[in-house]
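Open the model in your viewer and keep the selection tool at hand. The stops below go from one selection to the next.

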Amino acid sequence: MKELIKEIIKFRDERDWKKYHTLDNLSKSISIEAAELLENFQWSNEYDHENVCDELSDIMIYCIMAVEAIGEDVETIIRNKMVKNGMKYSLDRNNILR
Ligand SMILES: [Mg+2]
């Protein structure tokens, strides 16, 4: 994962795009790419697998750059959120969505 993140950052820096990658711009881009993902299901559930993979990748790349923009570590913040999710949705039967 860390090598992939380095590649993504290198790709951005080689093109001098960091100046455009403010947190607000990246947040907007995540939402725009999520809408592009939804386009695959706009009129039918028969979707283009490759396009779904491309749009998921766009979303994740922007998410990784947003995490980098706020000086955090992807694995750390996901693990922290998983702990919170574990507390919120404990294995107590009354707390599990079925
Ligand atoms: Mg896209």
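Helices here are DSSP runs of H or I with at least four residues, numbered from the N terminus. The model is a predicted one.

Start with helix α4 and select Glu75 and Arg79. They are four residues apart in this helix, so about one helical turn separates them. The two form a salt bridge, with the closest N and O atoms 3.0 Å apart. Glu75 is partly exposed at 38% relative accessibility, while Arg79 is exposed at 54%.

Elsewhere, salt bridges with shared partners link Lys10, Glu14 and Arg15 into one network. Select Lys10 and Glu14: their closest N and O atoms are 2.8 Å apart. Both residues lie in helix α1, and both are exposed.

Next, select Asp73 and Lys2, a salt bridge with its closest N and O atoms 3.2 Å apart. Asp73 sits in the loop between α3 and α4 and Lys2 in helix α1, so this pair ties together parts 71 residues apart in sequence. The model has eight salt bridges in total.

Now go to the magnesium ion. Which protein residues are its donors? They are Glu33, Glu36, Glu55 and Asp58, at 2.1 to 2.2 Å from the ion. Glu55 and Asp58 are three residues apart in helix α3. Glu55 is buried, at 9% relative accessibility, whereas Asp58 is partly exposed at 28%.

Finish with the largest nonpolar core, which has nine residues, including Ile5, Leu26 and Ala66. Its largest share, four residues, comes from α3. Select Ala66 to see contacts with Leu23, Leu26 and Ile30, leaving aside residues up to four places away in sequence.

Technical notes:
Residues are numbered from 1 along each chain as its sequence is written. This is a predicted model: local features need pLDDT of at least 70, side-chain atom pairs count only at pLDDT 80 or more; totals for chains, interfaces and linings use all residues. Side-chain values use heavy atoms; hydrogens and water are left out. Donors are N, O and S atoms within 2.8 Å of the metal (3.2 Å for Na, K and Ca); water is not among the atoms, so sites may look incomplete. Helices (H or I, at least four residues) and strands (E, at least two) are DSSP runs, numbered from the N terminus. Buried means under 20% relative accessible area, exposed over 50%, partly exposed in between (1.4 Å probe, protein chains only). A nonpolar core is a set of buried Ala, Val, Leu, Ile, Met, Phe, Trp, Tyr and Cys residues joined through side-chain atoms within 4.5 Å. Contact means heavy atoms within 4.5 Å. A salt bridge is a side-chain nitrogen of Lys or Arg within 4 Å of a carboxyl oxygen of Asp or Glu.
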